[in-house]
Amino acid sequence: QVELVESGGGSVQPGGSLRLSCVASQNAYLMAWFRQIPGKEREGVAVLDDGGSLAYQDFVRDRFTISKDNVLRTLFLTMNRLEPEDTAVYYCAAVVGRKKLTMRAEAYDFWGQGTRVIVSA
């Protein structure tokens, strides 16, 4: 069982920045950020594996960066040039076993409670 606790959400104006954090109770091979916009399905944002391979969804457009501190067991999502369309609840997810990079939600076994991001003028 892996417990994930996100933090760092909040309200920000368009063009602003936020850094989300996700502390894991143990190291996981594959970790990812997802988001759920009201009225829409949960979608992948970025994924990172234990070997350093990573992938982003197209809508990130070089604005977001996923990273991880293995000593702190913490996953980060640094978000720059935020847009109103980025307003969502952001979730951290993890897979303990070795798995290929994926942003399919059903591939992940453990989820955090989410942290809300609001981008508004």
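The tour goes from the whole chain to single residues.

**Stop 1: the whole chain**

Start with everything shown as a cartoon. Remember that this is a predicted model. Colour by secondary structure: the chain has 11 strands and zero helices. Follow the sequence, and the pattern reads β-β-β-β-β-β-β-β-β-β-β.

Now turn to the C-alpha trace. Along its principal axes it spans about 40 × 25 × 25 Å.

Of the 121 residues, 45% count as buried.

**Stop 2**

Cys-22 sits in strand S3 (residues 18-24) and Cys-92 in strand S9, so the pair links distant parts of the chain, 70 residues apart. Look along the S-S bond: the angle about it is -75 degrees, and the link is left-handed. Hide the surface to see the pair well, for Cys-22 and Cys-92 are both buried. A search of the whole structure finds one disulfide.

**Stop 3: a network of charges**

Side chains of opposite charge can pair when their charged atoms come close. In this structure, a search finds five salt bridges. Select Arg-35, Glu-43, Arg-63 and Asp-86 together; salt bridges link these four in a network.

Begin with Arg-35 and Glu-43. The closest N and O atoms of this salt bridge are 2.8 Å apart. Are the two partners buried or partly exposed? Arg-35 is buried, with a relative accessible area of 4%. Glu-43 is partly exposed, at 26%.

Move on to Asp-86. The side chains of Asp-86 and Arg-35 meet in a salt bridge, 2.9 Å from N to O. Asp-86 lies in the loop between S8 and S9, while Arg-35 is in strand S4 (residues 30-36), so the pair ties together parts that are 51 residues apart in sequence. Asp-86 counts as buried because its relative accessibility is 1%, and the cut-off for buried is under 20%.

Stay on Asp-86 and look for another partner. Its side chain also meets that of Arg-63 in a salt bridge, 2.7 Å from N to O. Arg-63 lies in the loop between strand S6 (54-56) and S7, so this pair ties together parts that are 23 residues apart in sequence. Asp-86 and Arg-63 are both buried.

**Stop 4: Asp-49**

Select Asp-49, in strand S5 (residues 43-49). Asp-49 counts as buried, at 10% relative accessibility. What does its side chain reach? A polar atom of the Asp-49 side chain lies 2.8 Å from the backbone nitrogen of Gly-51. The Asp-49 side chain also reaches the backbone nitrogen of Gly-52, at 3.0 Å.

Next, show what surrounds Asp-49. Leaving aside neighbours within four places in sequence, Asp-49 is in contact with Tyr-29, Leu-30 and Leu-101. Then pick Lys-99. Asp-49 and Lys-99 are 50 residues apart in sequence, yet their C-alpha atoms are 8.5 Å apart in space.

**Stop 5**

Most residues other than glycine have a negative phi. Here are two residues with a positive value.

Select Arg-73 in the loop between strand S7 (64-69) and strand S8 (74-79). Its phi is near 55 degrees. Arg-73 is partly exposed, with a relative accessible area of 32%.

Now select Arg-81, in the loop between S8 and strand S9 (88-95). Its phi is near 50 degrees. Arg-81 is partly exposed, with a relative accessible area of 47%.

Conventions. Residues are numbered from 1 along each chain as its sequence is written. This is a predicted model: local features need pLDDT of at least 70, side-chain atom pairs count only at pLDDT 80 or more; totals for chains, interfaces and linings use all residues. Side-chain values use heavy atoms; hydrogens and water are left out. Helices (H or I, at least four residues) and strands (E, at least two) are DSSP runs, numbered from the N terminus. Buried means under 20% relative accessible area, exposed over 50%, partly exposed in between (1.4 Å probe, protein chains only). Contact means heavy atoms within 4.5 Å. A polar contact is a pair of N or O atoms within 3.5 Å; within protein, one must be able to donate a hydrogen and the other to accept it, and residues adjacent in sequence count only if both atoms are side-chain atoms. A disulfide is a pair of cysteine sulfur atoms within 2.5 Å.
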